Amino acid sequence: MEENLEKEVKKILIVDDEQAIIDVLVYNLKREGYETIEATDGLTAVNKALEEQPDLMLLDIMLPKLDGKAVCTRVKNHLNIPILMLTAKDAEIDKIVGLELGADDYITKPFSVRELMARVKANLRKYEMLSSKKDNIQEIQEIENRNENVIKVNELELDLDRFEVKVRGEIIDLTLREFEVLKFLATQPGQVVTRETLLEKVWGYEYYGDIRTVDVTVRRIREKIEKDTSTPKILITKRGVGYYISAKK
């Protein structure tokens with residue numbers, strides 16, 4: 001008898017208080033082969049996330065009982081899964097606050113189903129790759145030539161095997177997305193990388209026109225690695241262009 005080599009079905013938790021939106025998302029996600037779970041309020045969303053442990057969450061900001069920002073914080077405290085925020089068209093503050101709380105991405109309503117599916121696939125793929133690397137590392141934890149997988153730029157040190165960042169010898173707690181942004185920049189110190197390039201290379205999907213995602217993530221990184229965020233010494237902004245890691249000693 002041949003082994004069943006089918007890929008594991010990814011489970012997505014959809015959280016929205018509008019059933020019509022849930023229905024559209026369920027239909028399109030199931031067409032793509034995903035399993036779906038639904039919640040129409042924040043408290044139910046947190047409970048279902050912890051019980052079902054989905055692979056990704058689509059999370060509306062405006063929810064009864066517990067808003068999306070609070071749901072994001074609670075879920076991220078327990079699960080390392082990508083969270084995509086669904087926000088109102090002009091609710092810029094919601095997007096920024098959502099990202100600051102640890103959401104991986106956001107998309108505005110009304111959204112293009114095609115764009116949403118691209119975001120879902122990209123975020124699942126990124127987390128799957130990172131999780132796979134972590135699992136392999138745990139199995140072969142003691143490897144002689146680990147130094148080849150360490151990036152050092154002055155006070156900044158990234159251990160690519162352990163997904164660990166140190167600044168001035170102190171371990172810094174970064175999310176997977178923050179680590180990937182820092183790694184991409186640290187592999188080319190002194191070289192300015194545009195926001196568009198970071199969005200494409202780190203987030204893994206084509207540039208759709210909103211680069212605030214990158215700016216907010218960089219700001220979160222700075223709050224963790226810089227002594228003074230008003231005068232950063234490690235992660236520098238090239239005004240009007242992008243960001244780079246300082247190569248100056």
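How many bridges join strand 11 to strand 12? In this predicted model, in which local features need pLDDT of at least 70, side-chain atom pairs count only at pLDDT 80 or more, and totals for chains, interfaces and linings use all residues, the two strands are joined by 4 bridges and run antiparallel, strand 12 spanning residues 242–245. Residues are numbered from 1 along each chain as its sequence is written, and side-chain values use heavy atoms, with hydrogens and water left out.

Strands (E, at least two residues) and helices (H or I, at least four) are DSSP runs numbered from the N terminus, and two strands pair if DSSP finds at least two bridges between them. An open sheet is formed by 3 strands in the order 10-12-11, with antiparallel pairing; its edges are strand 10 (193–194) and strand 11 (235–238), each of which pairs on one side only. Within this arrangement, L235 stands opposite I245 in strand 12. Helix 6 (residues 176–186) packs on the sheet and touches strand 10, strand 11 and strand 12, where contact means heavy atoms within 4.5 Å. The direction of helix 6 makes about 70 degrees with that of strand 12, the axes being lines fitted to C-alpha atoms, for helices over the stretch in contact, and angles between N-to-C directions running from 0 to 180 degrees.

The structure also holds 1 aromatic pair, for which rings of Phe, Tyr and Trp (its six-membered ring) must have centres within 6.5 Å, planes under 30 degrees apart counting as stacked, over 60 as edge-to-face and the rest as tilted. The ring centres of F163 and F179 are 5.3 Å apart and their planes lie at 45 degrees, so the pair is tilted. Because F163 lies in the loop between strand 7 (156–159) and strand 8 (164–167), while F179 lies in helix 6, the pair ties together parts that are 16 residues apart in sequence.
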